[in-house]
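Please read the following briefing alongside the sequence and the model.

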Amino acid sequence: MKTSAFEVLGPIMVGPSSSHTAGALRIARVARSIAPLPIKLVTFSLYNSFARTYRGHGTDRALVAGILGLDTDDVRIRDSFDLSEQAGLAYSFVEMPDGTGHHPNTVDIAMTLADGTRLSVMGESLGGGRIRISQIDSVPVEVTGELNTLFVSHVDAPGVLAALTGVLTAADINIATMHTYRKERGGEGYSVFEVDEELDPDLVRRVGELPRVDFASLIRVPGAPPTASTLHLTMDFDTAIDLATLCRDEGCSIGDVMYARETQLLGSKRRVDSRMRRILHVMRDEVSATIQKPERSLGGFLDGQAAAVDAHASQFQNALLGPTLTKAMAYAMATLERSAAMGVIVAAPTAGSAGVVPGALLACAEAVHADDDTICQALWCSAAIGALVATNGTVSGAEGGCQAEVGVASAMAAAGLSQMMGGDPACCLAASSIAMGNVLGMVCDPIRGLVEYPCQNRNALGVANAFAAAHIALSGVRGVVPFDEVVAAMTAIGRSMPTSLRETALGGLAACPSACNVCERHA
């Protein structure tokens, strides 16, 4: 498992979508970092789900923001079109045809630089803000940022590779992987080096000054996890079975294991604690802000629904859901409302499912008067569950449907609730299995491609499902199918879903007559 907890509980970002907003921005940031000169003109060619839903998800604004160098949590993302005009950056978007064989969330970024030269970068958004660079100037690559990466554009000529590796060797840099490509003999060539050590900017400059080298760039992938492959993690796991064994051998909780693993990844308890406290701070803000002051979403579907649920709590909670679950649902809905208005939220594990984990855990914590340490431990437990799914399945609606977003978030919340209420690791894993199993097959069908309806209501459902699953597991009831097998089933179901039911706004509720009428009125 190469996933950091802060890829699961994160990024902290401007909504509405971690894959279509934060992920898109990060791909553009990488393209900007590779370009050796300022960018004057850029064309974004959008594929599959990106092409279908880019306006409703704010993908267009995010891509421009990434080229401008903004971060995922910068509230100026919503104003990126105006900022690009001020910066003298021209841009356009091209919707590519379906069935091209690309990943569901793919963009090809063709840049014209200040001197008139051209450079293109293709990237894929994998869900939860994670990305992969798949092509540079039409040359296949695979860059995730897991290792420090150096990209070199050069002439295909004898001695060039020897000179490149010589500079790295002289600097005591260990090359983990090296891939060299060329368009034709004696023409343009490209080399991609993944190395174990940090690359000094001065070293990159010296590589770029070598004979027959056009330019060298350090590829920085925003949000990429620490380089786990070069560390010897003693608290590591790839499956739920591994995790349960670690908990048993170490005599600790799932939250303890995930915290220890992240400390080994980042090398500092202070740094780890600080990042989790910031996540908790943003979560507390996101679950309450739009209840106190409703915000109208980009698409107009959301504007006060969370406040309405909260306002009617005393009227219905005793007969229906009870005070804690009623509050948890209002919190979850408030988070989606803030995200859809391009406010700052924590993806958990995605923006489309961001309300489930904070809604459930914060409402429960208030009911049992849990302190911040207890809440953080529950969040670490939730992160472990999300990391397992990201490693062995998917958390992307474009790949697996809503079961991979709200379903996974519900499983994360069920585990966190179970740990908060004193459940042991077996109980937490059972709660996760039950929660995910309850929503297998749930499709992703956002109307008009917006992360608004039915997304907000499904976050409320995810919270209710998490509470039910935790209650069942804490009562000693265990499911028949273990967690790892449920993840495998969810992944297989996602692959068998037609494209129309995976975040393209072409099927499900998005294709209903009333939804189509709404789309026509807003065309």
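Asparagine 48 is placed in strand E2 (residues 39–48), where strands (E, at least two residues) and helices (H or I, at least four) are DSSP runs numbered from the N terminus. This is a predicted model, in which local features need pLDDT of at least 70 and side-chain atom pairs count only at pLDDT 80 or more, while totals for chains, interfaces and linings use all residues. Residues are numbered from 1 along each chain as its sequence is written, and side-chain values use heavy atoms, with hydrogens and water left out.

**Backbone geometry**

- Most residues other than glycine have a negative phi, and most peptide bonds are trans.
- Asparagine 48, although not a glycine, has a positive phi of about 55°, and with a relative accessible area of 13% this asparagine is buried (under 20%, against over 50% for exposed and in between for partly exposed, with a 1.4 Å probe and protein chains only).
- Histidine 369, in the loop between H14 and H15, also has a positive phi, near 60°, but histidine 369 counts as exposed at 70% relative accessibility.
- A cis peptide bond with omega near 0° runs from alanine 348 to proline 349, and proline 349 lies in the loop between strand E12 (344–346) and helix H14 (356–368).
- The peptide bond from tyrosine 453 to proline 454 is cis as well, with omega near 10°, and proline 454 is found in the loop between H18 and helix H19 (455–474).

**Helix packing and burial**

- Helix H18 (residues 425–438) packs against helix H20 (residues 483–496) at an angle of about 25°, with the axes 9 Å apart, which makes H18 roughly parallel to H20, a term for angles under 35 degrees.
- Leu429, Ser432, Ser433, Met436 and Gly437 in H18 meet Phe483, Val486, Val487 and Met490 in H20, contact meaning heavy atoms within 4.5 Å.
- The residues of this contact of H18 with H20 divide into 6 nonpolar, 3 polar and no charged.
- In helix H15 (residues 372–392), 15 of the 21 residues are buried, and the helix is thus mostly covered.

**Cysteine 516**

- Cysteine 516 has its place in helix H21 (residues 513–521) and counts as partly exposed at 31% relative accessibility.
- Leaving aside neighbours within four places in sequence, cysteine 516 is in contact with Ala510 and Ala511.
- The C-alpha atoms of cysteine 516 and isoleucine 447 are separated by 8.2 Å, although these residues are 69 residues apart along the chain.

Technical notes
Axes are lines fitted to C-alpha atoms, for helices over the stretch in contact, and angles run from 0 to 180 degrees between N-to-C directions. Angles under 35 degrees count as roughly parallel, over 145 as roughly antiparallel, 65 to 115 as roughly perpendicular and the rest as oblique. Ala, Val, Leu, Ile, Met, Phe, Trp, Tyr, Cys and Pro count as nonpolar, Asp, Glu, Lys and Arg as charged, and the others, Gly among them, as polar.
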